[in-house]
Amino acid sequence: MGDSKRHRILMVSDFFYPNFGGVENHIYLLSQCLLKLGHKVVVMTHAYGNRSGVRYMTGGLKVYYVPWKPFLLQNTLPTFYGTLPIIRTILIREQISLVHGHQAFSTLCHEALMHARTMGYKVVFTDHSLYGFADVGSIHMNKVLQFTLADVSQAICVSHTSKENTVLRSGLPPEKVYVIPNAVDTAMFKPAAERPSGNEITIVVISRLVYRKGADLLVEVIPEVCRMYPNVRFIVGGDGPKRVRLEEMREKHSLQDRVEMLGAVPHAQVRSVLISGHIFLNSSLTEAFCIAILEAASCGLLTVSTRVGGVPEVLPDDMIVLAEPDPTDMVQAIKKAISILPMIDPQDMHNRMKKLYDWHDVAKRTEIVYDRALKCSNQSLLERLSRYLACGAWAGKLFCLVMIIDFLLWRLLQLWKPAEDIEVVPDIVLSLDEDRGMSQDFQAFNEDHSLR
Amino acid sequence: MDNNIAENPSPTRAKWRKVAYGGMQPGFDDNHTDDSFLEGMVMNANVVKRDMLKVMQDSVSISQYPCIVVLVGLVWNYTLRSTLDETSLLINRRAPGALKNPTLTSFISLNVSVVASVFIASRLPSRLHVFAVMLFSLQVFLFAPLVTYCIKKYSFHLHLCFSFSLMAVTLAFVYTLHRLLFVLLLGLLVFVTVVCPYWLIRMQEYKFEINGPWDEANWLSFVLILQIKINSANH
């Protein structure tokens, strides 16, 4: 371990493989790129069904599936101090230097960051979503976030809008928040060799069919577009509570042969669905960063999307047509997209995407954040408590109490199970195949999934 | 923690753009906070600026109800003591319009007043007494809201006069009956008309509503407003 810049990172989140989603993919791909840069990465998440214990993934990525069952929306039951022993053991065994938590909605992440700070480790947090301020759920979540981020070393957000939102919710100084966007695996999302021929224009929608993703907007937009353009057809992939409404819309307007409903699309088949279309439609009502748009652009599709959240920052103006989130404006945007479609070259778009987004670039920028985090000074308990006190009149004192108890429990644990007794894991460095591209990793990722 | 690299103020440095693509922007760190940071934020957009006098005038309507309740209670009391003749309660009133769209709360309040009247009625000497008291209570509780609403619509001045005279009359009657109750009623009326408006306006200072580009789009209300406008234009 001569290289002093080699970090030993523990990624923590409730959301990881075998679940598929934005956060899960982000953690996996970021970890793979960091491994390629020579760092050590270990992931910690909760058990998924029978999948409990230690597993190894491609590239030697070690994953701890801690035997806690999820209790609500993939989150582990928050016990405050219950996770302290296991986290301490993992941190000592793997000789971790830095803990990186993901997603504000993950209870495991908050607990891990709290314990890591108590034990003196440096901590980085990445926020992946936008939240409001007005409803009860958001108010409580923001308070919890304020607690966790009161003492974080650095924070990362996936878009500039997300940075504004996180800074307002948590009260962090803006200089502590880095904006490092997600990226897309361009080797996997390649356009078709030949564009779908014929004079039919196919519009693809792939999203969860829920209110938040604008499924109701689709119900208004699709019949109108089908009426205006007889040569347009829709492919709708995804499932959810609003699927019934879309089926009803199909029946009502007799669009069975023009609107194809695919149901839930496994991640491995997303590309094949995308390349069968010309235009990608995203109707989300809120989005911190939309990876689906990147995947579509990488496959050479022209995107039509609602102008919400961080979406305007994601693509250059000539690759996306933005609309206000209401049906009339969206129909106008689709009209404009259809008119500029002949000028779009999918291969050209794909090549541009390769330059605009790259996971290796994301990993390098994250590395800079880690370097800065490790340069932060070590603080004693008293200095840290003053930061928690600033969180609020009542909340501040409560947070201080929580941290003091955590500190005492940690000391107790040190006496009961001294660090010397915990066996340290030796470093196993796999021979890295330099030629192997990210796509093979991703393929292995998907094959792992299909074997289950 | 060194966040600011000594930047070269040469004119060749590109302007910072609020975009996520293209990797790190040359000349800027990832944690660079531009002057345009939070420029899309709107604070307290939906908060209504309240005027103390207006709020006090509105609270006068609320103070009518304790007065009515107390008056009915007084009537019960006088009837029980036989100071009031039962025939004088049988006043003939015309209903100023039927009760439209009754809500759950109005049902509950009506039922409560009926139950209360029944308890009083159980103490009364004759059937005529009971009938008179029940009828009187029902009429007052049913029609009082309608009467006050009609007066308010007709003339705000008349409404204020009516309210103050109601309060004065109630206070006068209670004063003759029981000193302690008078003090309590006076305290309640002062609380409702003066203290509560002041408290509301003080608490408004703490209102901190934040809106911005990160909010979930609320297109349904936009569409509904549009439909209402179209409908009203058509009629």
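A crossover is right-handed if, with the strands pointing away from the viewer, the path from the first strand over the helix to the second runs clockwise. Helices (H or I, at least four residues) and strands (E, at least two) are DSSP runs, numbered from the N terminus.

This is a predicted model, in which local features need pLDDT of at least 70 and side-chain atom pairs count only at pLDDT 80 or more, while totals for chains, interfaces and linings use all residues. Residues are numbered from 1 along each chain as its sequence is written, chains are lettered from A and ligands numbered from 1 in the order in which they are written, and side-chain values use heavy atoms, with hydrogens and water left out.

**Exercise 1. Strand S7 of chain A**

Task: Find the partners of S7(A) and state which unit S7(A), H3(A) and S8(A) make.

Solution. 
1. Two strands pair if DSSP finds at least two bridges between them. S1(A) (residues 8–12) pairs with S7(A) in the parallel sense over 4 bridges, and Leu10(A) stands opposite Val99(A).
2. S8(A) also pairs with S7(A) in the parallel sense, over 5 bridges. Here Val99(A) stands opposite Val123(A).
3. With helix H3 (residues 107–118) between them in the name of the unit, S7(A) and S8(A) form a right-handed β-α-β unit.

Task: Explain why S7(A) is largely enclosed.

Solution. 
1. Buried means under 20% relative accessible area, exposed over 50%, partly exposed in between (1.4 Å probe, protein chains only).
2. In a regular strand the side chains alternate between the two faces of the sheet.
3. On one side of S7(A), Leu98(A), His100(A) and His102(A) are buried; on the other, Val99(A) and Gly101(A) are buried.
4. Because 5 of the 5 residues of S7(A) (residues 98–102) are buried, the strand is largely enclosed by the rest of the structure.

**Exercise 2. Helix H5 of chain A**

Solution. 
1. Just after H5(A), Gly171(A) has a positive phi of about 75°.

**Exercise 3. The interface**

Task: Describe the contact of chain B with chain A.

Solution. 
1. Contact means heavy atoms within 4.5 Å. Chain B gives 32 residues and chain A gives 44 residues.
2. Buried area is the accessible area (1.4 Å probe) that two parts lose on being put together, summed over both. For these chains the value is about 3200 Å², with 63% from carbon and sulfur atoms.
3. On the chain B side, Tyr21(B), Trp214(B) and Trp219(B) lose the most area, together 23% of what that side buries.
4. A salt bridge is a side-chain nitrogen of Lys or Arg within 4 Å of a carboxyl oxygen of Asp or Glu. The rule finds 4 across the interface; Arg372(A) and Asp29(B) meet in a salt bridge at 3.5 Å, N to O.

**Exercise 4. Confidence in chain B**

Task: State where confidence in chain B is lowest and where highest.

Solution. 
1. pLDDT is the predictor's confidence in each residue, from 0 to 100. Chain B averages 79, and 83% of the residues score at least 70.
2. Confidence in chain B is lowest in helix H6 (residues 219–234), at a mean of 70, and highest in helix H5 (residues 179–204), at 89.
3. Over residues 1–6 of chain B pLDDT stays under 50, and over residues 94–98 of chain B the pLDDT is below 50.
4. Where pLDDT is low, the predicted coordinates should not be read in detail.
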